[in-house]
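Have a look at it first.

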Amino acid sequence: MKQIGVEPVNTVTAKRDLLDNCRNSEYREALVFENVYTGVCSQIRVLREQRELSQAEFGRKAKMAQERISILEDPNAETKPTLKTLLRVASAFDVGLDVRFVPFETVLDRSVNTDSSALQVPSFDDELPELEKHLDAVEARSRERLSLTGLGMEQIEAAKAIQAYPAEPRRLSDTYKVEISKFSEPVTTSSWPLQIVYRNPNLEWRVSKSLEARSGVEYRTTQIVEERTA
Amino acid sequence: MDYLDERGTNPIQDWLSDVRQVPVKAKAKIDRILLQLAGTRLWVRPLASNLDDYPGIVEIRVRWMNTQYRILGFRGPDERQFTILFPALEQGDEFQPLGAPGIARTRMQIVEADWSRACEHRYG
């Protein structure tokens, strides 16, 4: 069979067409079904070819007959792969398997974005150096941000709470005290590297943003212990 | 792309939107397989194959329930396009209608001679 490189689908019009069809629940249900099985059959083939294995060679790795691999790669086959079979295939390819419910936006995206090169997945061993490199970079960034803030962990925790409060706009003259539940003593002084008691929500916003940028931490959880109008 | 007849109507869309010929679920499967092929560089069996006796004609096979659709088309008019020419079925290992490959070949020649006899395929 000769190679046929057809021009890419206009994904916008294709998605619009599929969306229009999906207003019919019967079509919608069938598209979900076909997306799963046509998608997975095609990806098994892509992964096998990515590893330059024949069906027989991959069958030996997966401990399945060549005929069964042929069926697994055929979206028209009457026998559909079970989750157990897919896990076995994932193990033979040494890749992960992700089974989850998704919104229709994802179904439509996956229906129209079918470029086979995007279906390729490296094996764990091939992916490992990149995984380690990525994690090393994230950890290094995190350490750098912590040291840049010049704060101890408790202070950072307090600052997180400050940033999270107040959730709603307050008057400029309001003063707040906040308590971080994990501390035995309420943190109410202004002697910290970052101000704990605020009089101006706009100031708080600026400080918070600055802290967020420097520490890279997500802030949440606070409890009001006293609220007083200046 | 879809073949257009001499009146400018689209027989491929007419066929796909006729639920007596293509039930809704079968259409979903055809749509999905066409989209899958559009993202695939190498068209191979079991989804696609050349017709040995009809050079240039490619068939796309879609099975739904007990019906085997054999959608005939060709690579063109532009070399990166694929045009659906004739939607056939299979009955007892033969094309239904029997003359489907011949019709597809005639239509291919028409489109090659006049590119306006093909339009963008829509999935709607």
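Which residues have the most contacts inside the largest nonpolar core? They are L72(B) and L85(B), in a core of 42 residues. A nonpolar core here is a set of buried Ala, Val, Leu, Ile, Met, Phe, Trp, Tyr and Cys residues joined through C-beta atoms within 7 Å; buried means 20 or more other C-beta atoms within 10 Å of the residue's own, with C-beta atoms placed from the backbone. α2(B) gives this core its largest share, 6 residues.

A word on provenance: this is a predicted model, where local features need pLDDT of at least 70 and side-chain atom pairs count only at 80 or more, while totals for chains, interfaces and linings use all residues. Residues are numbered from 1 along each chain as its sequence is written, and chains are lettered from A in the order in which they are written.

Now for strand β5(B), residues 82-91, where 7 of 10 residues are buried. Strands are DSSP runs of E, at least two residues, and helices are runs of H or I, at least four. Two strands pair if DSSP finds at least two bridges between them.

| Antiparallel pair | Bridges | Residues between strands |
|---|---|---|
| β4(B) and β5(B) | 7 bridges | 6 residues |
| β5(B) and β6(B) | 3 bridges | 2 residues |

Y69(B) sits opposite L89(B), and Q91(B) has E94(B) as its bridge partner.

Finally, 33 residues of chain B are in contact (C-beta atoms, placed from the backbone, within 7 Å) with 31 residues of chain A. α2(B) supplies the largest share of chain B's side, 11 residues.

Note on methods. Two residues are in contact if their C-beta atoms, placed from the backbone, lie within 7 Å. A residue is buried if 20 or more other C-beta atoms lie within 10 Å of its own, exposed if 12 or fewer, and partly exposed in between; C-beta atoms are placed from the backbone.
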